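Dear colleague,

I am passing on the structure below, together with a short account of what I found in it. Please read the notes with the structure open beside you.

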Amino acid sequence: MKAVQIVSPENLQVIEMEQPVIDKENNVLVRMTAAGICGSDVGIYHGTNAAATYPRVIGHEIVGVVEETGEGVTTLKRGDRVIVNQVTSCGHCYPCSRGRGNVCDNLKVRGVHIDGGYREFIAVPAGDCYLLPESISDQDAVMIEPTTIAIQSCTRAQLEKDDMLLIYGAGALGSSLLRVARTICDHIIVADIVDDKLADAKAAGALYTVNVKTEDFFGKVREYTNGRGPTVSIDSACVGDSLMKLLEVTGNAGRVITMGFSTASVEVNQFLITSKELDVRGSRLQNKMFGRAIEMIKDGTLDLNGSVSHTFPLEQAQQAFDFVDSRDPSIRKIVLTFGN
C-alpha cells in the first residue's frame, strides 16, 4: 500500500509499505478516505516538532471506512464510517489512573511517535474508532479532531457561561477554539495581527476583536472587559511573547491556558502569577473528547460542513505541503484524499 513518510526533516517520500493485519489488540482494519494536514504535521515535516521521531508516517486527523473487524468486535461492522482517535495510552501510569490518558507517561500519538494515517490502511483498536454522523462528509469530518483539541482546552480552562474569554491567535487552532467556546459563553475577544482573520472571527461569533499590531492590545482588552481583564485567556498563537502578554492582561483569579509546543525559553513574571493568583495550565491533545464533538454535530451546536478549502490526492502530498508553506490566503483546511 502507499504511504507518506517523513524520512527526515524536509524529506517527504511517498513509499510502498506492507498493509497491516488485524490482531487481538488492533482488531479493526480501516481503509483511509481522508486525512487532514495539521500545523503539527507541517512541524514534523520541517523538523520543528520536538515530540516527533523519524522516519515517520504522519497524519493524525484521520477518517476512513471499516474494512475488517476481528473476533469479538461488536460495536463496528464493515462499511462503517469512522474517525480514529490519535492518542494511545497505557492505562496504568499515574496520569492514566487520574483519567488523564492524554498525558500518559507512556503516551504514543499516531503520526508523531508511531505511524499515523497518511497510508491507505491502518489497524487500530475498536475503542479508538468513533462512528461518524451521516450529516458530515469524510473530508469535513477531519475537523472533528482539531475540535476535540479545542474542547479539551475549554475544559482545562473550566470555561463557563459568565466568563470573559480572550483567544490570542485566530489561525486554525484559534478558529476551532472560537467554534467551541461560543457554545459556552458569549463574551469572547479574539486577538490577532491579520485583519481578515479578525473579520472572520467577528463573523463566527467573537464579540470583540483586537489587532495586536495596529491597536493598543492592553487598552482594548481592558476596555472590552470593563477594566478588569478577561477571566480566561487561551494562547493559541504560542509565539515568543504571547504567554507574557496573557499573564499581564488577565484579571485577578483568572485562568491562562497555554497550548504551545516550542522548546524555546520565554519570559514569565512570577509577580503577575502570584499577585493575581492566576491558574496557568497546559492543554495537550484531547482526553476522550471525540464523543462530545460528535454529539455536538448531532444536536446542531457544531457545524463543520464546508471547513475544507483544498484537497490533494495522497500521491501529491509534497505539492500539498508546498502549498501550505506558500501561506496562500485562500487556505483554510487542506485534506489528503485516498483513491482506493
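Leaving aside residues within four places in sequence, Phe321 is in contact with Leu12, Ile37, Asp41, Val42, Tyr45, Ile58 and Tyr118; please keep in mind throughout that this is a predicted model. Phe321 also belongs to the largest nonpolar core, which has 45 residues, and it is listed there among those with the most contacts inside the core, together with Val28, Val30, Ile37, Leu76, Tyr118 and Leu336. A second, separate core has 43 residues, including Met143, Ala206, Met296 and Val308.

Strand E12, residues 187–192, is mostly covered, with six of its six residues buried. In a regular strand the side chains alternate between the two faces of the sheet. In E12, His187, Ile189 and Ala191 point one way, while Ile188, Val190 and Asp192 point the other way, and all are buried.

E12 pairs in the parallel sense with strand E11 (residues 164–168) over five bridges, and within this pairing Met164 has His187 as its bridge partner.

Finally, Gly70 lies in the loop between strand E5 (61–69) and strand E6 (81–84), and it counts as buried because its relative accessibility is 17%, under the 20% cut-off. Not counting residues up to four places away in sequence, Gly70 touches Ile22 and Asn27.

With best wishes

Terms used:
Residues are numbered from 1 along each chain as its sequence is written. This is a predicted model: local features need pLDDT of at least 70, side-chain atom pairs count only at pLDDT 80 or more; totals for chains, interfaces and linings use all residues. Side-chain values use heavy atoms; hydrogens and water are left out. Helices (H or I, at least four residues) and strands (E, at least two) are DSSP runs, numbered from the N terminus. Buried means under 20% relative accessible area, exposed over 50%, partly exposed in between (1.4 Å probe, protein chains only). Contact means heavy atoms within 4.5 Å. A nonpolar core is a set of buried Ala, Val, Leu, Ile, Met, Phe, Trp, Tyr and Cys residues joined through side-chain atoms within 4.5 Å. Two strands pair if DSSP finds at least two bridges between them.
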